[in-house]
Amino acid sequence: MSEVVASSESESEPLLSSDKQPLIVSEDVNDAAASALSDGKEEKVSRLSYGLSTWGKIAYGFGNFSRYAALGIQAFYLNTFLLEVALVDPFFAGTLLLLKQAYDAVTDPFVGKLSDNSWTRWGRRKPWIMLASIPSGIFWVMMWLSPEFINEYEWGPSVYYLLVLLAFNTLNTCVSVPYNALVPDITTDYDDRTMVVLVQNVFGLLATTIYSTLQGVIIELFPGDDEGDSVNKKKGYAVAALVSLPAVVFPPMISALFVKERIPDDTERVDSGGLFKWVVEFCRGLWGAITFLEFMQVTAVFVLAMSAIYAYVNNFVLFAKYVLDREKDSSILVFVGQLGVMGSFFFWAIIAKRFSKKVAYLMGVMVWTITSFCMFFLDDGKSLIDTIIVYSLVIIRGTGAGVGYLIPLSMLPDICEIDEKRTGKRREGMLYSVLILFQKTGLAITMSGSSYALGLAGYSQDQTGEEDQNDAVKWTLKIICFLVPILLLLLSLPFMYFAPSRQDVAEVAQQIAGPDETNLSTFRRYFKKNRKSGVPAK
């Protein structure tokens, strides 16, 4: 089935959809619509096929810079900050993460459902992004402070960081869920969506690479009061938070300004019908997402892959410090690892387009698991050969891990197409919020579990941060960083095997774009021009 770009009768410019995107029309739809027109039928539009320009992909992908700047810094440094600067007990640090995720279990689907029904002249998602971005920055800075007044009470630090984390996560959810739910409304093309997610992840990993590295560098800039190599980490973390603040706040706002969101017509709008009906519909939508087999298959792959990533990154700084004895090199190791991830995106995108997303994921997982197994045996050797081996394995592992960021997310818009065909409703907000909910739950279990494991292994907190750890802690770090990810990746393979293929998605997309769901009046000028120019019917 080939595609053509619909053009006006009297001009060479392409016809535009309601959000000013050029209409890319299947020739099969061309013929069916022409036939219906000849019968004198007039239909209402609910969905047209359209792509996204290169600049549109860049504008939308830039919004991911914010989310991944925050996620990257939190992933690499939040656990270390709570344990070694805020001096939160390892067991409570784990409990804190679990409480935060339990709270997210409510806010993520809640915001997704609200954004699905936020009908405004600016779209459903954009107002959320614009209103929540700046307030989230305030709590972002507060998250990395160590104010003296909280130490006046025994539970002061624990309560302070819990409240700040909950506040930041609430506002961040109001940005991230609507932002991710924009994808199905800015492009409907199968391969185009892979490129959209690729650009998203390029910006995301660029943000993670820059700010996770910069965070480590800034923390080490401020000397402490003690003699020797000690540093004032409290001041370092506070200054680093201010440096990263613009990256956390502004990219989604810029993205929302420059990307056109498709405005659904009246036939796609659902009246909430009051609070009670809204709650009933919310619960029904949540249950529908959870019982949607194809969605849960892709979600399982994404959650398992991201949990494997975060088991590594959440403890890598501690691993570099206590196992490799390379604390001063930790920011450089983080940097080269993220370069490996970011550099692999284009390669995996080519593999996914040439073969399939499933093949790309399988190849990436093979590289990922083999290098993780090799890294399990690293020690504190300082020779040139040891250094070359450490850096090489970090880069290669990052190359394999790139599929965890790229492939599952590029499959989610396709799942939304299948869902729309089956239900007749647009539920991207609900589906993406449930996805993020499961992601955060998986990360909470992984991150809190690692804190609990370190506490059980006898992790020792020291105010100066110079104290070494016992062998049990070092082995625990090795297991968490490498063996746990291998297990999670192996568990993800059956889910990926049974996930919808390119052919499955293409068949559904063709059905959605059928003549009974196509705005035939929109095509009138297009077909009239085709007849004049002699375009043959199939």
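Reader: Where is leucine 87 placed?
Author: Leucine 87 sits in the loop between α3 and α4 (90-116). Please keep in mind that this is a predicted model.

Reader: What is its phi, given that leucine 87 is not a glycine?
Author: The phi of leucine 87 is positive, at about 55°.

Reader: Is leucine 87 buried, partly exposed or exposed?
Author: Leucine 87 counts as partly exposed because its relative accessibility is 35%, and that class runs between the limits of 20% and 50%.

Reader: Which loop holds aspartate 325, and what is its phi near?
Author: Aspartate 325 belongs to the loop between α11 and α12 (330-354). Its phi is near 55°, which is positive although the residue is something other than glycine.

Reader: How does aspartate 325 count in terms of relative accessibility?
Author: Aspartate 325 has a relative accessibility of 48%, so it counts as partly exposed.

Reader: Let us step back to the whole chain. How many helices and strands are there?
Author: The secondary structure of the protein chain consists of 18 helices and two strands.

Reader: What percentage of the residues count as buried?
Author: The protein chain has 538 residues, and 58% of them count as buried.

Reader: And the contacts between residues at least 6 apart in sequence: what share join residues at least 24 apart?
Author: Of those contacts in the protein chain, 83% join residues at least 24 apart.

Reader: Turning to the largest nonpolar core, which residues touch the most other members?
Author: Those are Trp140 and Trp144, in a core of 136 residues. Helix α11 (residues 293-322) supplies the largest share of this core, with 18 residues.

Reader: What does tryptophan 140 touch, leaving out residues up to four places away in sequence?
Author: Tryptophan 140 then touches Ala70, Ile73, Gln74 and Phe168, together with Ala241, Ser244, Leu245 and Val248.

Reader: Is the crossing left-handed or right-handed?
Author: The crossing in which α3 passes α9 is left-handed.

Reader: Which residues make that contact?
Author: From α3, the contact involves Phe65, Ser66, Ala69, Ala70, Ile73, Tyr77, Thr80, Phe81 and Glu84. From α9, it involves Lys233, Tyr237, Ser244, Ala247, Val248, Val249, Pro251 and Pro252. Sorted by class, the contact of α3 with α9 has 12 nonpolar, three polar and two charged residues.

Reader: How do helix α2 and helix α3 pack?
Author: Helix α2 (residues 54-62) and helix α3 (residues 64-84) have axes 5 Å apart, at an angle of about 35°. Tyr60, Gly61 and Phe62 of α2 meet Asn64, Phe65 and Ser66 of α3 in this contact. By class, there are three nonpolar and three polar residues in the contact of α2 with α3, and no charged ones.

Reader: Next, some individual residues. Which helix contains threonine 213, and is threonine 213 buried or exposed?
Author: Threonine 213 is part of helix α8 (residues 190-219). Its relative accessible area is 14%, so threonine 213 is buried.

Reader: What are its contacts beyond four places in sequence?
Author: Threonine 213 touches Thr208, Ser331, Val334 and Phe335. The C-alpha atoms of threonine 213 and serine 331 are separated by 4.9 Å, although the two residues are 118 residues apart along the chain.

Reader: Where does glutamine 338 lie, and what does it touch?
Author: Glutamine 338 lies in helix α12 and counts as buried, because its relative accessibility is 4%. Not counting residues up to four places away in sequence, glutamine 338 touches Phe76, Leu205, Thr208, Thr209 and Ser212.

Reader: Which helix holds serine 450, and what is serine 450 in contact with?
Author: Serine 450 is found in helix α15 (residues 428-456). Leaving aside neighbours within four places in sequence, serine 450 is in contact with Asn314, Asn315 and Ile480. Serine 450 counts as buried, because its relative accessibility is 2%.

Reader: Finally, how far apart are tyrosine 103 and leucine 166?
Author: Tyrosine 103 and leucine 166 are 7.4 Å apart in space, C-alpha to C-alpha, and 63 residues apart in sequence. Tyrosine 103 is in helix α4 and touches Leu166 and Thr170, not counting residues up to four places away in sequence. Tyrosine 103 counts as partly exposed, because its relative accessibility is 33%.

Conventions. Residues are numbered from 1 along each chain as its sequence is written. This is a predicted model: local features need pLDDT of at least 70, side-chain atom pairs count only at pLDDT 80 or more; totals for chains, interfaces and linings use all residues. Side-chain values use heavy atoms; hydrogens and water are left out. A nonpolar core is a set of buried Ala, Val, Leu, Ile, Met, Phe, Trp, Tyr and Cys residues joined through side-chain atoms within 4.5 Å. Buried means under 20% relative accessible area, exposed over 50%, partly exposed in between (1.4 Å probe, protein chains only). Helices (H or I, at least four residues) and strands (E, at least two) are DSSP runs, numbered from the N terminus. Contact means heavy atoms within 4.5 Å. Axes are lines fitted to C-alpha atoms, for helices over the stretch in contact, and angles run from 0 to 180 degrees between N-to-C directions. Ala, Val, Leu, Ile, Met, Phe, Trp, Tyr, Cys and Pro count as nonpolar, Asp, Glu, Lys and Arg as charged, and the others, Gly among them, as polar. A crossing is left-handed if the near helix is turned anticlockwise from the far one by less than a right angle, and right-handed if clockwise.
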